[in-house]
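Here are my notes on this one, for someone opening it for the first time. Have a look at the model, then read the points alongside it.

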Amino acid sequence: EMVDRFFQAEEAVSSQLRTFVLMYAARDVLEVPDVGRISLDHFSSTVQALRWEARDFSQGSPAAPYVQNLRGQIDELARRIPCAGGGSVPYATQRTVWGWLEVRLMQECLEVIAKCGRKKSQEALMCMATDFQEIRSAVRNHFQVPDDQELELMPKDHPLSSTVEWTYLDQYLEAHGYMPGEVGVWCKRHVEYPLRLHKALIEYTLGNNQKACRQTQSEVEVTIASCVADEGGGFSQRGF
């Protein structure tokens, strides 16, 4: 029994280490110039600086050329990954790296929303949602797998499992349409989001009432701190 527990623990550590390595390999592909050709920093800084305070986007999204450029870079990256290591990287590993690459792109979309601040209109948020859907489609066009072979980047019971799904972005977008009194409740129920994203959402919806804004931010900070303390043991057991 002791030997079995030892090997189970070693297997868990090995799995966590493999996940960590592949996750950061995907990030390097997107963020390190010598590794990949996609500069997420450039994409984010450019897109967030656009005129998102506008309400009429009948002529199309102002981010369209940048999204199109990113889609082209994604396609190019999908052609290059299978050639890495002279083609010696197993397909399962390529698929996992691509999965984490997709997660990194999705999470950068959240950062763009947050960094746009209070200037973005509701119409702009709808426009962004369409742009992000195009990015998602571009990524999903590659390394496809049958439905019965769904890629699992994190165990379903992991406290951060929702952060690797596109619903993580969809829910954050939807929260920007909530009433001021509803936002604080939403934030307290979704402690899986970083505090900076909560603060950006609260400032967007409650910015006109600084007292309510500060009070809500304080309450959310307390809630998150409490959840992190309660989940500390769980996180240490699962990794991350």
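1. Start where two helices touch: F43, T46 and V47 in α2 meet Y66, V67 and L70 in α3. Contact here means heavy atoms within 4.5 Å. By class, this contact of α2 with α3 has five nonpolar, one polar and no charged residues. For the classes, Ala, Val, Leu, Ile, Met, Phe, Trp, Tyr, Cys and Pro count as nonpolar, Asp, Glu, Lys and Arg as charged, and the others, Gly among them, as polar.

2. A word on what you're looking at: this is a predicted model, so local features need pLDDT of at least 70 and side-chain atom pairs count only at pLDDT 80 or more, while totals for chains, interfaces and linings use all residues. Residues are numbered from 1 along each chain as its sequence is written, and side-chain values use heavy atoms, with hydrogens and water left out.

3. How do the axes of α2 and α3 cross? Helix α2 (residues 40-48) and helix α3 (residues 64-80) have axes that come within 10 Å and cross at roughly 165°. Axes are lines fitted to C-alpha atoms, for helices over the stretch in contact, and angles run from 0 to 180 degrees between N-to-C directions. That makes α2 roughly antiparallel to α3; angles over 145 degrees count as roughly antiparallel, under 35 as roughly parallel, 65 to 115 as roughly perpendicular and the rest as oblique.

4. Now compare another pair. The axes of α6 and helix α8 (residues 195-206) also come within 10 Å, crossing at roughly 25°, and α6 and α8 are therefore roughly parallel to each other. Y168, Y172 and A175 of α6 make the contact with L197, A200 and L201 of α8. By class, that is six nonpolar, no polar and no charged residues.

5. Stepping back, the chain has nine helices and zero strands. Both are DSSP runs numbered from the N terminus: helices are H or I with at least four residues, strands E with at least two. Of the 240 residues in the chain, 39% are buried, meaning under 20% relative accessible area with a 1.4 Å probe, protein chains only.

6. How far to trust it? pLDDT is the predictor's confidence in each residue, from 0 to 100, and the chain averages 84, with 78% of the residues scoring at least 70. Confidence is lowest in helix α1 (residues 2-31), at a mean of 64, and highest in helix α6 (residues 167-175), at 97. Where pLDDT is low, the predicted coordinates should not be read in detail.

Methods: Buried means under 20% relative accessible area, exposed over 50%, partly exposed in between (1.4 Å probe, protein chains only).
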